[in-house]
Amino acid sequence: MAHFVTRGLVLREVNYKESDKILTVLAEGEGKRTVKAPGCRRKNNSLSAAGQLLVYSEMTLFDFQERLSLKEANTLNEFRGVREDLEKLSLGSYFAEAAEAVAEEGVETPGLLSLVLNSLYALDKLGKPLALVKGAFEMKLCCLIGYEPLLDGCAVCGKPGPEGPRLNLNEGVLHCASCRGALEEDGVSLPVDGPTLAALRHIVYGDPKRLFSFTLPPESAGVFSGVCEGFLLTQLERGFRTLDFYKSIRLG
């Protein structure tokens, strides 16, 4: 039986038996791990706080026959501002579901844990528009898993400032509106206005530590959000129930 200490964020929690939980944890240096949290649903149990969705903790885990159990935990950040606001909680849950979808069991995706933590912090403390945080998370997630779009210029004619710029969601390339027909794969292309293109370039090519240090005029927020969401869902070829729930709250 081997013990080790790591830091991890709970991406999903499932009740198990009478008082346990099965946690999906995104762990530092470990990737996605399935962890049993024994007794954490009992009143005043020392593991209760660490066994909740979107809580980041230092965890002592023990590995027996390739099954991990949580022995001790020291909570580092509960992101209370997210947990106490339904709209932010639904968006944070979407971040967790998306991260779980792309993470591999026992294999670290460099930068993924930092991205989710920084995005939750942005929701919790930065006061940024939710559409801005959501879009930045979605586009940066694409970059981390190998779907970085090409935004330097038109992929067909090479103009650094495409005329009527659009992003092809299948190919992940920028192009002029008039150059669309020359792409190998037509697919769906969404229009990208000037502020949105500047924001996308900041996210894709800029310093990850300054991911959220950009602003957008209100009229560009919807364009930005739609492009980032469309690109992620197209590349992953799937949707997310937490995203649907977030949208239902926004519309409600």
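**Close-up views of a predicted model**

**View 1. Packing of helices H4 and H6.** Helix H4 (residues 130-144) packs against helix H6 (residues 218-236) at an angle of about 30 degrees, and their axes are 8 Å apart. Axes are lines fitted to C-alpha atoms, for helices over the stretch in contact, with angles from 0 to 180 degrees between N-to-C directions. Helices (H or I, at least four residues) and strands (E, at least two) are DSSP runs numbered from the N terminus. The contact (heavy atoms within 4.5 Å) involves Ala131, Leu132, Lys134, Gly135, Ala136, Glu138, Met139, Leu141 and Cys142 of H4, together with Phe224, Ser225, Cys228, Glu229, Phe231 and Leu232 of H6.

The structure is a predicted model: local features need pLDDT of at least 70, side-chain atom pairs count only at pLDDT 80 or more, and totals for chains, interfaces and linings use all residues. Residues are numbered from 1 along each chain as its sequence is written, and side-chain values use heavy atoms, with hydrogens and water left out.

View 2. Ser189 lies in strand S8 (residues 189-191). Ser189 counts as buried because its relative accessibility is 4%; buried means under 20% relative accessible area, exposed over 50%, and partly exposed in between (1.4 Å probe, protein chains only). Beyond neighbours within four places in sequence, Ser189 is in contact with Arg166, Leu167, Asn168, His175 and Arg180.

**View 3. The protein chain as context.** The protein chain has seven helices and eight strands. Of its 252 residues, 46% count as buried. Along the principal axes, the C-alpha atoms fill a box of roughly 60 × 35 × 30 Å.
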